[in-house]
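Please read it alongside the coordinates.

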Amino acid sequence: MEICGKREMELLEKIGFTRIAGSAEEEKAAQILKAECDAMGVPAIIEPFEIEQGIVEEAKLEILEPFYQEYPVTGYQCAENTPEGGLEAEFVYVENGTDVDLADVRGKIVLVNGFMRVPLFKRLMKAGVAGIVTMEGQLRDKREETDLSTRKLRRTLRAFGNVPMVHTRVLDAIDMVRKGACKARIVLKGHTEEWTSHNVVATVLGTEKPQEIVSFGAHYDSVDFSKGVYDNGAGSVINMEVLRYFQENPPKRTLKFMWYGSEEIGLEGSWAYVKGHKEELKDHLLMINVDVGGPVLGVDRITATSEEKLASFMEYFTKIHGFSAEVKQGIYSSDSIPFADSGVPGINFIRGGAEGAAYIHNRFDTLEFLSAEALEKTTHIVLEFGKTMANAKVLPVERKIPQNIVEDVEKYLYKKELSEAAEEK
């Protein structure tokens, strides 16, 4: 079978619509992927799982002193609601939240740089802030050409506390600070619901070693406002093309092809899979993950979440086959993480866009900067590696996670901080 970038682009167009976690559109995309598997003779199953979805009913930020102005904001899903009438407090810009910045912020509403991460949130909760404003974007943004993203206060953060939180644009944040904003009111009203997301799973049984499993994964959900073709419709169609090859050329080992839902809100689909298939997981020897691809201008990158020897092997492998790619050992913020946390080594393939030549997590993630040829380029690398692993006399990758990767995964998941938070409670 010849790899066909045109076919990949056609499938990419089919799923190229906004498909946020747990939405009807995400389920529609899952059904499209299942139908594609079924049509090629590899029946797929859809596995539902539950996710927490925050619904924001009202979000408002008003500066009260020394001037009055209301600024456009989005409310953080799952953040604490304000009292009736809102939360009114002193307002202070605390930059990156150093100890000096947070020395006197108890009971105040604070503005911080960028998005929220665990270390900063932990410091803010310890400092006793009453409310938080985060920011995104660039000063040159035009409102009519950009969207203010919807943020979620994930369970990982809520382990340290909860306060009302809203999200604004950098161009509004600079206006507040420049004008000396010192008192503000936040209004936030919302609730949580349980939604259903879905994983799509197709299996090609091995002809000689059916008990040994190599899996291919890609997430197919997108963020709000985005068509998500670069992130990660591309990975989804690359893996579909690889499945097509193995349907025509049965492998020695069993191959699982999985398209994960709800990756964008915390790798929820892959977490659901590893938690729901614990018995099967002991037979998983390697996880191959594809996340972002297709940009005309860009570079292929390979990250081995495994022993260093696999990264060294890939250095030789790419040169032997004439593949241009950057290789390293490490972790990648995607669906290989839950597998690594469960003891299954992984390898991540991406084609990242050159600076200024690709867009992610916004309305500009569209087909305009992608091409069939670029999709084929990454597909060739993934397929050739997949063939090597699926048909090796003995799988050369040891099923273990080395200590340096274990530590990186634990840092990524903030296990130490979460453990300490649980002990404090």
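## Salt bridges across the chain

A salt bridge here is a side-chain nitrogen of Lys or Arg within 4 Å of a carboxyl oxygen of Asp or Glu. The model is predicted. By that cut-off, the structure holds 25 salt bridges. Side chains of opposite charge can pair when their charged atoms come close.

One of the bridges joins Asp147 and Arg363, with 2.8 Å between the closest N and O atoms. This pair links distant parts of the chain, 216 residues apart. Asp147 sits in the loop between strand 6 (131-136) and helix 4 (155-158). Arg363 sits in the loop between strand 14 (346-353) and helix 11 (372-391). Asp147 counts as partly exposed, at 25% relative accessibility. Arg363 also counts as partly exposed, at 30%. Elsewhere, salt bridges with shared partners join Arg7, Glu36, Glu241 and Arg244 into one network.

## A strand pair and a helix pair

Which side chain meets Glu88 in a salt bridge? The partner is Arg185, at 3.0 Å from N to O. This pair, too, links distant parts of the chain: Glu88 is in strand 4 (residues 87-93) and Arg185 is in strand 8 (residues 183-204), 97 residues apart. Glu88 is partly exposed, with 41% relative accessibility.

Is Lys6 buried or exposed? Lys6 is exposed, with a relative accessible area of 56%. Glu10 is partly exposed, at 39%.

## A negative patch

Glu57, Glu58, Glu84 and Glu193 form a negative surface patch. Of these, Glu57 lies in strand 1 (residues 44-65). Glu57 has a relative accessible area of 45%, so this residue counts as partly exposed.

## Cysteines

How many disulfides does a search of the whole structure find? The count is 0. A disulfide requires a pair of cysteine sulfur atoms within 2.5 Å. For Cys37, the closest cysteine sulfur is in Cys4, 17 Å away, so the two are too far apart for a bond.

Accessibility was computed for two cysteines. Cys37 is buried, with a relative accessible area of 0%. Cys78 also counts as buried, at 12% relative accessibility.

## Buried positions and spacing

Val118 is found in helix 3 (residues 118-127). At 4% relative accessibility, Val118 is buried. How many residues apart in sequence are Val118 and Ala159? The separation is 41 residues, and their C-alpha atoms are 9.7 Å apart in space.

Ala89 belongs to strand 4, the strand that also holds Glu88. Ala89 is buried, with a relative accessible area of 7%, whereas Glu88 is partly exposed at 41%. From Ala89 to Arg178 the sequence separation is 89 residues. In space, C-alpha to C-alpha, Ala89 and Arg178 are 19 Å apart.

How values were computed:
Residues are numbered from 1 along each chain as its sequence is written. This is a predicted model: local features need pLDDT of at least 70, side-chain atom pairs count only at pLDDT 80 or more; totals for chains, interfaces and linings use all residues. Side-chain values use heavy atoms; hydrogens and water are left out. Buried means under 20% relative accessible area, exposed over 50%, partly exposed in between (1.4 Å probe, protein chains only). Patches are made of residues with over 30% relative accessible area and no salt bridge: like charges are joined within 9 Å, nonpolar side chains (Val, Leu, Ile, Met, Phe, Trp, Tyr) within 5 Å. Accessible areas come from the Shrake-Rupley method with a 1.4 Å probe; for residues, only the protein chains shown count as cover. Lys and Arg count as positive and Asp and Glu as negative; His and the chain ends are not counted. The place of a charge is taken as NZ of Lys, CZ of Arg, CG of Asp or CD of Glu. Helices (H or I, at least four residues) and strands (E, at least two) are DSSP runs, numbered from the N terminus.
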